[in-house]
Amino acid sequence: MSEAEELLTTPAEWDLPPERHRHFKDVLMQQIDQDQSQDLPVRPSARRRFARPAVLVPLASAALVGALLVTLSVDGRAPATGTTPSATAAGASVTLNRIATAAMASDTIRVRDDQFVYVRTLERSNTGDFSGPVRLGALHTEEQWTAQDPGPLHITGWIRESGKDAIMPDQMIPVESPDAVPAGLHHPTYRWLASLPTDPDALLRRLYKEARPVEGESPDQAVFSLIGDLISGAVMPPANAAAFYRAAARLPGVREIPDAVDAAGRHGIAITLDDTGFATRDEWIFDKETLALLGSRFYLTDPDRGITTETLAGTSAVMKTAVVDAKGDVPARAPSR
């Protein structure tokens, strides 16, 4: 077995915040494909991203994250549209509370423990070399089935990608953990999400306790990324969804971007958080009228190297969220967001 193959099945010393798995997957897989992986110390992982399979995405160490942020260079493009600060933190707080109110008014979707939450997204991610500039690949489809069984489970879901630049196209890949995982942060089921505090201050305290920032990342950014994953990859009661948005409104550094475009080309309002110490930035994009979540964008920047512009390194669009009875089921008229 090569070092690259070992990385596919061995958790690394540092487990990235969930959003990092999403954005670094393509670069890490490029490295594995070229059999250029590093020799990383390992230990059992304390966390894993629920929306990307551990069997597919190696958990990167802090050293690899640092190398990634240093070696991914910009390609001379101008800053992406919508990345200039244009609203105060107070404006972002108002918008997030409006989004929370809209979420609170949404229909309740009941989910049984024997069902799966299905999410279909459109994705564009980096196809450049591990040590080269970012090059966004072709738009492709990703489908996820998250098991609602409270477990503990070794396989908590399944993932399938299709289209050009997809990873292992058209194959059902298990979201697998070496240790059985009960419902919780690493396996966020509807029932577990419903058990979380709906008071935003209490929820925020819980999230700060659960988040594990990597080196150079602030606790605020780690919590922001964690919220972003939970709101985009799960079905939850309206009161819990509203609590997540109201908790995000309390994070220092959140701001609003009045116009942002998701991977499907839909324009919306974006919420982002500035964390200059980590050289990355995430955006959540919401419909301007309904305030429903549309998708996200991810940027790389590295001020320490004199890079003053940002490079778009990933973008997604949530196209369908539903509840299905079995893995592989694709909803026709199932409830969607």
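Select E310 and R281 to begin: a polar contact of 2.9 Å joins their side chains. A polar contact is a pair of N or O atoms within 3.5 Å; within protein, one must be able to donate a hydrogen and the other to accept it, and residues adjacent in sequence count only if both atoms are side-chain atoms. The model is predicted, so local features need pLDDT of at least 70 and side-chain atom pairs count only at pLDDT 80 or more, while totals for chains, interfaces and linings use all residues. Residues are numbered from 1 along each chain as its sequence is written, and side-chain values use heavy atoms, with hydrogens and water left out.

Stay on E310. This residue is found in the loop between β8 and β9 (311-324). Helices (H or I, at least four residues) and strands (E, at least two) are DSSP runs, numbered from the N terminus. E310 is buried, with a relative accessible area of 15%. Buried means under 20% relative accessible area, exposed over 50%, and partly exposed in between (1.4 Å probe, protein chains only).

Next, select β8 (293-300). Eight of the eight residues of β8 are buried, so this strand is largely enclosed by the rest of the structure. On one side, β8 pairs with β7 in the antiparallel sense over seven bridges; two strands pair if DSSP finds at least two bridges between them. Pick I285 to find G295 of β8 opposite. β7 and β8 form a hairpin with five residues between them, and L291 in the turn has a positive phi of about 65°. β8 is also joined to β9 by six bridges, and the two run antiparallel. There, F298 has G314 in β9 as its bridge partner.

Now show the whole sheet. It is open and has nine strands in the order β4-β3-β2-β1-β9-β8-β7-β6-β5, with antiparallel pairing. β4 (173-181) and β5 (254-261) stand at the edges with a single partner strand each, so one side of each is left without a neighbour in the sheet.

Move to β1 (residues 116-125) and β2 (residues 140-147), which pair in the antiparallel sense over eight bridges. Select Y118 and its bridge partner in β2, W145. From β2, go on to β3 (residues 153-162), an antiparallel pairing over six bridges. T146 stands opposite G157 in β3. The hairpin of β2 and β3 has five residues between the strands, and G151 in the turn has a positive phi of about 75°. β3 then pairs with β4 in the antiparallel sense over five bridges, where L153 stands opposite V181.

Turn to the helices. Select α6 (residues 200-210) and α8 (residues 238-249): their axes come within 8 Å and cross at roughly 75°. That makes α6 roughly perpendicular to α8. Axes are lines fitted to C-alpha atoms, for helices over the stretch in contact, and angles run from 0 to 180 degrees between N-to-C directions. Angles under 35 degrees count as roughly parallel, over 145 as roughly antiparallel, 65 to 115 as roughly perpendicular and the rest as oblique. P200, L203, L204 and L207 in α6 meet A243, F244, R246 and A247 in α8; contact means heavy atoms within 4.5 Å.

Finish with α7 (residues 219-232), which lies across β1, β5, β6 (267-273), β7 (280-287) and β8, running at about 40° to β7. α6 and α7 pack at an angle of about 105°, with their axes 9 Å apart. L204, L207 and Y208 in α6 meet P219, D220, V223, L226 and I227 in α7.
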